[in-house]
Amino acid sequence: MTQTLCDTVELVIPCRPEYVGVARLAVLGIASRMPFSYDEVEDVRLAVGEACTHAVERAGDTSAQIKIVSTIDSVALVIEVIDDVPVGTEPVVQSEDAQLLEAAGVDQQGLGALLMEILVDEVKITSSETGTSVRLTKFAPE
C-alpha cells in the first residue's frame, strides 16, 4: 500500500475585482508545482479567475470574502473557490462586458461554468444560502 502525501494552501481575499489578480497569481505558483504543461497551468489559472470573477460580480456587499483552498497531491490539483456571497444577491455594479452580455441575452453564469468545464477536468458547483463553492479538479498527466 502506498501512501499519498498532499499539501494544502489556503488564501482568503476580499471579494473585490482588484484581488482577482492576486488569486490568479497564487494559483499560477501552486499549479506550477505540478507536472502540468504551461498551457495546463494557464487553464487552471483562468478557471480560478473565472470562479472568482463570478463571485465578485454577485457580491453586493464589499465585506464578502473568497477563500481559495488548493490541495496538491501526485494525482491531481483540486482547488475550491468558496465565497460567502448569499445566493440571490443582485450585482451592485456590472462591468461593461457584463452589461453587453446581459443586453445580448447571454446567460453569464452558464457561460462561466462552460468555460471552467473546458479548462479543467472536473467542475462541481454548489450553492447555499450562505454562499457558493466551485470545486475545480485538474488531473496530473500520467
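In which helix does Glu-42 lie? Glu-42 belongs to helix α2, which spans residues 38–58, where helices (DSSP runs of H or I, at least four residues) and strands (runs of E, at least two) are numbered from the N terminus. The model is a predicted one, in which local features need pLDDT of at least 70 and side-chain atom pairs count only at pLDDT 80 or more, while totals for chains, interfaces and linings use all residues. Residues are numbered from 1 along each chain as its sequence is written, and side-chain values use heavy atoms, with hydrogens and water left out.

The protein holds four helices and five strands, and from the N terminus on these elements follow the order β-α-α-β-β-α-α-β-β. Of the 142 residues in the protein, 34% are buried, a term that means under 20% relative accessible area, with exposed meaning over 50% and partly exposed in between (1.4 Å probe, protein chains only). Among contacts (heavy atoms within 4.5 Å) with a separation of 6 or more, 66% link residues 24 or more positions apart.

The five strands form an open sheet in the order β1-β2-β3-β5-β4, with antiparallel pairing, two strands being paired if DSSP finds at least two bridges between them. Its edge strands, each pairing on one side only, are β1 (7–14) and β4 (122–128), and the twist from one strand to the next averages 15°. Axes here are lines fitted to C-alpha atoms, for helices over the stretch in contact, and angles run from 0 to 180 degrees between N-to-C directions.

Within this sheet, strand β3 (residues 76–83) has six of its eight residues buried, so it is largely enclosed by the rest of the structure. On one pairing, seven bridges join β3 to strand β2 (residues 65–72) in the antiparallel sense, a hairpin of three residues connects the two strands, and Lys-67 has Ile-82 of β3 as its bridge partner. On the other, β3 and β5 pair antiparallel over eight bridges, with Leu-77 opposite Lys-138 and Val-81 opposite Val-134.

Helix α1 (residues 20–31) packs on the sheet, where it touches β1, β2 and β3, and its direction makes about 170° with that of β1. Helix α2 lies across β2, β3 and β5 and runs at about 10° to β3.

Ser-133 sits in strand β5 (residues 131–139) and is buried, because its relative accessible area is 14%. Leaving aside residues up to four places away in sequence, Ser-133 touches Glu-80, Val-81, Ile-82, Lys-124, Ile-125 and Thr-126.

The cysteines remain to be considered. A search of the whole structure finds zero disulfides, a disulfide being a pair of cysteine sulfur atoms within 2.5 Å. The closest cysteine sulfur to that of Cys-15 belongs to Cys-52 and is 8.1 Å away, too far for a bond. Cys-15 counts as buried at 4% relative accessibility, whereas Cys-6 is partly exposed, with a relative accessible area of 45%.
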